[in-house]
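Subject: Handover of a structure

Dear colleague,

Please find below the structure I am handing over to you, followed by an account of what was found in it.

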Amino acid sequence: MERNPLRRQLQMMRKSFFDQGYLDDQFVQLEELQDEANPNFVEEVVTLYYRDSSRLILSIEQALERKPFDFNKLDAYMHQFKGSSSSIGAKKVKAESTLFREYCKSGNKEGCMRCFQQLKKEYATLRKKLEAYFQLARQAGPMETACRPK
Amino acid sequence: MAPAADEAKSGNGGQIQRPFTFNEIVLRNRLTALVVDGDNFCRLLQQGILQAYGLQTQTVDNGDAAVELIASGAKFDLILIDMLLPILDGLEATRRIRAMGVNCKMLGVTAFSGERERQAFLAAGVDLFVEKPLGPEVLIPILRELDGQYPSI
C-alpha cells in the first residue's frame with residue numbers, strides 16, 4: 001500500500017483511467033518502456049501523439065465541411081488516426097474511430113458527423129486527464145526518491 | 001505463455017510484475033530492424049520500442065524508400081511494414097522486397113483488421129499480420145527467435 005499521499009492519489013487516478021475505459025493495456029506496455037534512461041518516455045509519447053494527431057483531426061474537420069463528402073478520404077484519415085490512438089492505448093478514442101469508419105463504409109454522413117463530435121470529446125477528455133496525471137507524477141517524484149530514507 | 005490479465009498496480013515509473021513485459025528480454029546479438037510507416041507518430045514509437053530492446057533501427061516513411069534502401073544493399077533482421085503507405089503501398093513494397101530475395105522476418109503492422117487485408121498482406125509476403133498496436137506478446141517471441149538464429153558466443 002503506497003504511503004506517500006501524492007503517490008496514492010496518482011495510483012488511484014491511473015486506476016480510474018483503466019476502470020473507466022479511457023486506456024487499455026497498450027498504455028501499460030508503454031509505461032514498461034520507461035526507465036532511468038527514459039524517465040519521461042510515456043509523457044513524451046503522449047505529447048507526440050497529441051501533436052501529430054491534431055493535424056489529422058483538422059484534416060478530418062475540413063474534409064467534413066467539403067461537399068460532396070469524400071468518404072474514402074475520410075476513411076483514410078481515420079484509419080491513420082485509429083492506428084496512432086491504439087498505439088497509446090486510447091481505448092474510447094479508438095472505439096469512436098472504428099465506429100466512424102463503419103459510417104464511412106456505409107456512406108452515412110450524419111453518422112460520421114455525430115461520431116466525430118463524440119470522438120473529439122473523448123480525445124479532449126483523455127488529453128486533460130493525462131495532462132493532470134503527468135503533472136501529478138512530476139509533483140510526486142520518482143518512486144525511489146519517495147522511499148529514500150533521510 | 002499468455003499475458004496475464006491486467007495486474008498493474010504501481011504508478012508511473014513503478015515496477016510492474018507481468019509476463020511478456022517490454023523489459024524482460026535481453027538479446028545476446030545486435031539485431032537490426034527497419035520500420036516502414038507513413039505515420040510520423042507510429043514510426044517513431046515503433047522505432048523507440050525496438051531500440052528499447054536493443055535493436056539498431058532505421059525508419060523510412062514510404063514503400064518506395066524501403067525498396068530503395070534494401071536494393072542498395074542494406075540488410076535487416078526484421079522489417080515492420082505498414083499497409084497504407086505513400087508513394088508505394090505496403091503490399092507492393094513487400095512484394096518487391098521479397099522478389100529481391102530478401103528472406104528476413106517481415107511483420108505487416110497495420111491499423112487494418114479485416115480478413116481480406118490479412119490475406120492480402122500475407123500473400124504479398126509478410127510472415128505475420130499484426131493489427132496495431134504491436135505488443136510484446138507478438139514481438140518478444142519473434143525477437144527471441146531472431147536472436148537464437150545467431151550462434152552462441
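**Chain B: overall fold**

Chain B has 153 residues, of which 55% count as buried. Please note that the model is a predicted one. Five helices and five strands make up the secondary structure of chain B, and along the sequence they follow the pattern β-α-β-α-β-α-β-α-β-α. If one takes the contacts in chain B between residues at least 6 apart in sequence, 63% of them join residues at least 24 apart.

**Chain A: the annotated span and A:H79**

For chain A, the UniProt record (an unreviewed entry) places the feature "domain: HPt" at residues 38-133. In the model this span is 85% helix and 0% strand, and its end C-alpha atoms lie 18 Å apart.

UniProt also lists A:H79 under "modified residue: Phosphohistidine", again from an unreviewed entry. A:H79 is placed in helix α4 of chain A. Is A:H79 buried or exposed? A:H79 counts as buried because its relative accessibility is 4%, and the cut-off for that class is under 20%. Which residues does A:H79 contact, once its neighbours within four places in sequence are left aside? They are A:R101 in chain A, together with B:L84, B:T110, B:A111 and B:F112 in chain B.

**Nonpolar cores**

The largest nonpolar core has 66 residues. Those with the most contacts inside this core are A:F81, A:F100, B:L55 and B:L78. Another core lies apart from it and has 24 residues, among them B:V36, B:A93, B:A124 and B:V126. To return to A:F81, and not counting residues up to four places away in sequence, this residue touches A:Y49, A:S53, A:L56, A:I57, A:V93, A:S97, A:L119 and A:Y123.

**The loop between α3 and α4 of chain A**

Two residues of this loop deserve a note. A:P68 is found in the loop between α3 and α4 of chain A, and the peptide bond from A:K67 to A:P68 is cis, with omega near 0 degrees. A:F69 lies in the loop between α3 (41-65) and α4 (71-87) as well. With a relative accessible area of 14%, A:F69 is buried. Its contacts, leaving aside neighbours within four places in sequence, are A:L64, A:L74, A:K109, A:C112 and A:M113. As a reference distance, A:F69 and A:R127 are 58 residues apart in sequence and 29 Å apart in space, C-alpha to C-alpha.

**Backbone geometry in chain B**

Most residues other than glycine have a negative phi, and most peptide bonds are trans. Two places in chain B may be read against that background. B:I87 has a positive phi of about 70 degrees although it is not a glycine. B:I87 lies in the loop between β3 (78-81) and α3 (90-99) of chain B. Because its relative accessibility is 72%, B:I87 counts as exposed, the cut-off being over 50%.

B:P133 is situated in the loop between β5 (128-131) and α5 (136-148) of chain B.

Rolling a probe the size of a water molecule over the atoms shows where empty space is left. How many cavities of 30 Å³ or more are there? The count comes to one. The largest cavity has a volume of about 70 Å³.

Both chains contribute to the lining: A:Q26 and A:S87 from chain A, and B:C42, B:L45, B:Q46, B:I49, B:V109, B:K132, B:P133 and B:L134 from chain B. Which element gives the most to this lining? Helix α1 (residues 40-52) of chain B does, with four residues. Sorted by class, the lining has six nonpolar, three polar and one charged residues.

With kind regards

Conventions. Residues are numbered from 1 along each chain as its sequence is written. Chains are lettered from A and ligands numbered from 1 in the order in which they are written. This is a predicted model: local features need pLDDT of at least 70, side-chain atom pairs count only at pLDDT 80 or more; totals for chains, interfaces and linings use all residues. Side-chain values use heavy atoms; hydrogens and water are left out. Buried means under 20% relative accessible area, exposed over 50%, partly exposed in between (1.4 Å probe, protein chains only). Contact means heavy atoms within 4.5 Å. On a 1 Å grid over the protein atoms alone, a cavity is a set of points where a 1.4 Å probe fits but cannot get out, and a pocket is an open set with protein on both sides within 12 Å along at least five of seven lines; lining residues have an atom within 4 Å of a point. Grid points are joined across faces, edges and corners, and a volume is the space filled by probe spheres set on the points. Ala, Val, Leu, Ile, Met, Phe, Trp, Tyr, Cys and Pro count as nonpolar, Asp, Glu, Lys and Arg as charged, and the others, Gly among them, as polar. A nonpolar core is a set of buried Ala, Val, Leu, Ile, Met, Phe, Trp, Tyr and Cys residues joined through side-chain atoms within 4.5 Å. UniProt positions are given in the numbering used here, feature names are shortened, and annotations may be inferred rather than shown by experiment.
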